[in-house]
Amino acid sequence: MAFKPSAVKKRKNKEEGTLNMNSMMDILTIMLLFLLMNFSTSGALSTKADGMTPPKIITKNKPKKMLVINVSTAHIFFKKEEIADIDQVVAQKKSFIIQALAEKLEEEKNRSEDLESKFGIEFKREVIVVADGRIPFDVMLKVVVTCGRNGFSNLKMLGNLANKQDVM
Amino acid sequence: MAFKPSERRSIKIESTELDLRPIMNMMCILIPLLLSCSQFVKSTYIELNLPTSGGSSSSQSPDDKEPPKEKPKIGLKLVVTEKGFTIAGNSIVLSGAEGGGPTLPKINGKYDFDGLDKKLKDIVKTITGKGFEDERTLILTAEDAIEYQSIASAMDIITACATKKFTDEATKASILQPWFGQIGFGKIILN
């Protein structure tokens, strides 16, 4: 025997539900404001090596894009290319010059001087050094001396901006 | 003649909802775009000016008969060791409060950056106007194993401890620059 169709279900009004977007709009507006505050038009300055933690710095300076030397705890990179091992640099006792870096800097210097003489693009002798905060002073000194001896006398030691309380 | 009843009663007020779809579409485009251009860790730098190789910067012409009058040099150095900070000049090493050891020993295993700030401020006050040729130069040196973070923090203090006012020739505006405009890196060589 067939059941009688339910009278209750038949009479039930089906209301059309609309999605309330107000709360979502609030979230998106806050997100938009937050992202606008952190907006940067300059783009990435340099590509960090894996696991690298640059030092915390209090002095506020706005870096520009220029030649980058990366010094991680394991390697030295010149324009993202690995050129020397830190162990070898530490073991090097007789000289302060890192040969592989010196060669690359010499090439870059010649290219920049060529551009300066041909097209008048000023060679500012600037280089950004992005170094890990844990590397020993000995390595840092060798990198700095190598840069200075190869015509790059204006060094920008890059780090992450921090509060005084975080550092000291 | 009686008036016809007003039709206002029978007018149905329809509630219209704001169509948020175009705004949502715009948000969906703007948020990924801003996310890709955001910088959550701000970068900064400390400037290190090295002396350029190329001889002396003397502006004296070869015809000048009188030799240039040499100014005295102070040769200020800051040495970072495992024990603390030592400040030295050409002829003097500043001793610590207890008479020996580093000028500013570590406090609870941490470098005394506040003490360094005060000490450098005192030194700047003392040497101002004494006519030292290298009054704005400080050589920073450390033991081989000292971590770069400690060196960077010391450089931060050196840069921020005192300023000097300069007048821009072109705009005649006064500019404040760090007193120690020339920070150099050096090496301790023990004989």
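The model is predicted, so local features need pLDDT of at least 70 and side-chain atom pairs count only at pLDDT 80 or more, while totals for chains, interfaces and linings use all residues. Residues are numbered from 1 along each chain as its sequence is written, and chains are lettered from A in the order in which they are written.

**Chain A**
- Chain A has six helices and six strands; helices are DSSP runs of H or I with at least four residues, strands are E runs of at least two, and both are numbered from the N terminus.
- Along the sequence, the pattern reads α-α-β-β-β-β-α-α-β-α-β-α.
- Of its 168 residues, 26% count as buried (20 or more other C-beta atoms within 10 Å, with C-beta atoms placed from the backbone).

**Where the helices meet**
- Helix H2 (residues 22-37) of chain A packs with H1(B) at an angle of about 30°, their axes 9 Å apart; axes are lines fitted to C-alpha atoms over the stretch in contact, and angles run from 0 to 180 degrees between N-to-C directions.
- The two helices are therefore roughly parallel to each other (angles under 35 degrees).
- A:Leu28, A:Met31, A:Leu32, A:Leu35 and A:Leu36 in H2(A) meet B:Met27, B:Leu30, B:Ile31, B:Leu34 and B:Leu35 in H1(B), with contact taken as C-beta atoms within 7 Å.

**B:Arg8**
- B:Arg8 sits in the segment before helix H1 (21-37) of chain B.
- B:Arg8 is exposed, with 6 other C-beta atoms within 10 Å (the cut-off is 12 or fewer).
- Between the C-alpha atoms of B:Arg8 and B:Gln39, 31 residues apart along the chain, the separation is 59 Å.

Notes
Angles under 35 degrees count as roughly parallel, over 145 as roughly antiparallel, 65 to 115 as roughly perpendicular and the rest as oblique. Two residues are in contact if their C-beta atoms, placed from the backbone, lie within 7 Å.
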